[in-house]
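Here's a quick briefing to read alongside the model. Grab the viewer and follow along, strand by strand.

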Amino acid sequence: MSVRFSDIQVGDEIPLLKLQPVNRTTLALYCGASGDHNPIHVDLDFARKSRMDDVFAHGMLSAAYFGRLLTAWVPQSQVRSLSVRFTGITQLGHIPTCTGKVVEKFIDAGEQRVRLALRCANQYGEEKLAGEAVVALA
Amino acid sequence: MADKNLIGHKIGAYSVDVEKGRLRFFAKAIGETDPVYTDEAAAKAAGHKSLPVPPTFLKCLESEGRDVVELLNLVGFDLGRVLHAEQSFVYHSMAYAGDVLTFHGFISDLYEKKGGALQFVVMEARVTNQDGEHIADIRSSLVQR
């Protein structure tokens with residue numbers, strides 16, 4: 001059943017996406033798959049030299065989770081924009097949950113669109129990523 | 001403080017092949033279970049010409065065509081002190097496995113906050129496919145602590 005513009009109200013929450021805990025394997029896989037080989041995410045020695053206690057997650061991994069949140073709700077061809085601000089660092093052991101709320105319904109470029117406020121937080125409710133997306137709905 | 005004259009500096013146009021294997025590996029890394037992103041038959045059944053490039057993978061492809069350390073050196077940033085501050089994508093058309101995407105990148109801003117304690121560089125890129133179709137515009141903001 002596809003999501004229809006007329007069925008959506010400002011304030012509605014879209015189905016949330018709860019992830020698995022982030023571990024070193026998660027980061028190694030994302031390093032290879034994304035092509036972001038910055039050693040700060042996978043090499044403990046490098047991280048310590050850079051005055052971090054340990055490696056930490058790529059911000060773009062959480063951004064990819066926002067992508068999953070959106071494309072689980074509507075087909076990707078309806079996603080018009082996605083922007084994210086990295087507001088916290090996701091550490092090993094954190095369990096991210098991504099949520100999205102409709103904040104505006106509007107018409108642009110001749111189509112019906114909704115603006116979503118997105119948030120990714122860990123199991124302690126600490127925000128790690130904030131964002132916004134615009135999605136077209138029939 | 002980075003040289004403000006670098007604002008507008010072109011990072012150069014380069015092209016990157018979108019490979020099915022890379023897309024499947026990316027899907028695995030982010031825990032994507034929707035078969036549209038891993039199974040070409042499912043993608044075609046959903047109306048796609050091949051496996052779609054997922055929303056944030058364009059940033060990965062952009063990074064593939066250039067040396068980020070070289071770019072950071074250009075603006076005087078040190079990799080170990082750099083964090084990603086913001087990232088945005090405006091989508092115009094879908095991209096798929098088999099496409100060849102061209103990135104026209106440039107430095108769009110350089111500024112500092114907190115009296116120079118935080119330095120920012122903003123890079124933008126226009127993305128087109130092999131047919132000249134406008135796929136997306138992407139914008140990345142990096143901060144040096």
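Thr128(B) stands opposite His134(B), which sits in strand E5 of chain B. That pair belongs to a run of ten bridges joining E4(B) to E5(B) (residues 134–144) in the antiparallel sense. Keep in mind that this is a predicted model, with an ipTM of 0.96 and a pTM of 0.95.

**Hairpins and strand pairs in chain B**

- E4(B) and E5(B) make a hairpin with five residues between them, and Gly132(B) in the turn has a positive phi of about 80°.
- E3(B) (residues 100–113) and E4(B) (residues 118–128) are also antiparallel partners, this time over eleven bridges.
- If you want a spot to check in that pairing, look at Ile107(B), whose bridge partner in E4(B) is Met123(B).
- E3(B) and E4(B) form a hairpin too, with four residues between them; here Lys114(B) in the turn has a positive phi, of about 50°.
- On to E1(B), which runs antiparallel to E3(B) and is joined to it by seven bridges.
- Within E3(B), His104(B) is the bridge partner of Ala13(B).

**One sheet across two chains**

- How many strands does the open sheet have, and in what order? There are ten, with antiparallel pairing, in the order E1(A)-E3(A)-E4(A)-E5(A)-E2(A)-E2(B)-E5(B)-E4(B)-E3(B)-E1(B).
- From one strand to the next, the twist averages 20°.
- The chains meet in this sheet where E2(A) (residues 79–86) pairs with E2(B), antiparallel, over five bridges.

**Where chain B touches chain A**

- The contact draws 29 residues from chain B and 34 residues from chain A.
- On the chain B side, the elements giving two or more residues are helix H1 (20–29), helix H3 (57–64) and strand E2 (82–91).
- E2(B) supplies the largest share of that side, nine residues.
- By type, the chain B side splits into 15 nonpolar, seven polar and seven charged residues.

**Helix H3 of chain B**

- H3(B) is mostly covered, with seven of its eight residues buried.
- Among the buried ones are Phe57(B), Leu58(B), Cys60(B) and Leu61(B), and the list also includes Lys59(B), Glu62(B) and Ser63(B).

**The nonpolar core**

- Which residues touch the most other members of the largest nonpolar core? They are Tyr65(A), Phe66(A), Phe26(B), Leu58(B), Leu101(B) and Val127(B), out of 64 residues in that core.
- Helix H3 of chain A (residues 59–73) gives the most to this core, with eight residues.
- Val127(B) touches Leu58(B), Leu101(B), Phe103(B), Ile135(B), Ala136(B) and Ile138(B), if you skip residues up to four places away in sequence.

**A look at Leu129(A)**

- Over in chain A, Leu129(A) is found in strand E5 (residues 127–136).
- Is Leu129(A) buried or exposed? Leu129(A) is buried because 24 other C-beta atoms lie within 10 Å, and the cut-off for that label is 20 or more.
- Setting aside neighbours within four places in sequence, Leu129(A) is in contact with Ser62(A), Ala63(A), Val84(A), Phe86(A), Thr87(A) and Cys120(A).
- For a sense of distance, the C-alpha atoms of Leu129(A) and Asn38(A) are separated by 20 Å, and the two residues are 91 apart along the chain.

**Chain B overall**

- Chain B has four helices and five strands, and from the N terminus on they run β-α-α-α-α-β-β-β-β.
- The C-alpha trace of chain B spans about 55 × 30 × 20 Å along its principal axes.
- Of the 145 residues of chain B, 34% count as buried.
- Among chain B contacts between residues at least 6 apart in sequence, 68% join residues at least 24 apart.
- The mean pLDDT of chain B is 94, and 99% of its residues reach 70 or more.

How values were computed. Residues are numbered from 1 along each chain as its sequence is written. Chains are lettered from A and ligands numbered from 1 in the order in which they are written. This is a predicted model: local features need pLDDT of at least 70, side-chain atom pairs count only at pLDDT 80 or more; totals for chains, interfaces and linings use all residues. A nonpolar core is a set of buried Ala, Val, Leu, Ile, Met, Phe, Trp, Tyr and Cys residues joined through C-beta atoms within 7 Å. A residue is buried if 20 or more other C-beta atoms lie within 10 Å of its own, exposed if 12 or fewer, and partly exposed in between; C-beta atoms are placed from the backbone. Two residues are in contact if their C-beta atoms, placed from the backbone, lie within 7 Å. pLDDT is the predictor's confidence in each residue, from 0 to 100. Ala, Val, Leu, Ile, Met, Phe, Trp, Tyr, Cys and Pro count as nonpolar, Asp, Glu, Lys and Arg as charged, and the others, Gly among them, as polar. Two strands pair if DSSP finds at least two bridges between them. Axes are lines fitted to C-alpha atoms, for helices over the stretch in contact, and angles run from 0 to 180 degrees between N-to-C directions.
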